[in-house]
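Here are my notes on the model you sent. Please read them beside the sequence and the structure.

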Amino acid sequence: MSDGTPTPVPTPSCGNSEVCKQLYDWTHQAWLAQSSYFVLVKPLRIVVIVLAAMLVRHLLARAINKMVRSTAAGSVPTILRPLKEKMPTALQDA
């Protein structure tokens, strides 16, 4: 029977974590809010690192392919032209 005392509602022990507090406010699930670091933050960090690595790989591959294509065509890549101009003429003919 009801004696008039409210039943305690479990609340998460978030500490200073804003993600935990916000997630608890949205879902009212203490277990989800307490595990928010492992459920949300860790996977998001991994995804950001993988995406950054893929972007760097793409940019490097593009730069290397561009340099190889221009070298294969017989022209000196723009990045190497100052080196050719500084080289002695005896070495340029060889």
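1. Burial. This is a predicted model, and buried residues account for 12% of the chain's 94 residues.

2. Secondary structure. The chain contains five helices and zero strands. Followed along the sequence, the order is α-α-α-α-α.

3. Contacts along the sequence. Take the contacts in the chain between residues at least 6 apart in sequence: 0% of them connect residues at least 24 apart.

4. Surface. The chain has an accessible surface of about 8,300 Å². Carbon and sulfur atoms contribute 67% of that surface.

5. Core. Which residues form the largest nonpolar core? There are five: Cys14, Cys20, Tyr24, Ala30 and Ala33. At least two residues of this core come from helix 1 (18-27), and at least two come from helix 2 (30-34).

6. Nonpolar patch. A nonpolar patch lies on the surface and is formed by Ile46, Val47, Val50, Leu51 and Met54. Together these residues have about 470 Å² of accessible area.

7. Ile46. One of the patch residues, Ile46, is located in helix 3, which covers residues 36-72. Is Ile46 buried or exposed? Its relative accessibility is 53%, and the cut-off for exposed is over 50%, so Ile46 counts as exposed.

How values were computed
Residues numbered from 1 in each chain as written. Predicted model: local features only at pLDDT ≥ 70, side-chain atom pairs only at ≥ 80, totals over all residues. Heavy atoms only, no water. Helix = DSSP H or I, 4+ residues; strand = E, 2+ residues; numbered from the N terminus. Buried < 20%, exposed > 50% of the residue type's maximum accessible area, 1.4 Å probe, protein only. Contact = heavy atoms within 4.5 Å. Areas by Shrake-Rupley, 256 points an atom, 1.4 Å probe, with all protein chains shown as cover. Core = buried A, V, L, I, M, F, W, Y, C linked by side-chain atoms within 4.5 Å. Patch = residues over 30% accessible without salt bridge, like charges linked within 9 Å, V, L, I, M, F, W, Y side chains within 5 Å. Salt bridge = Lys/Arg side-chain N within 4 Å of Asp/Glu carboxyl O.
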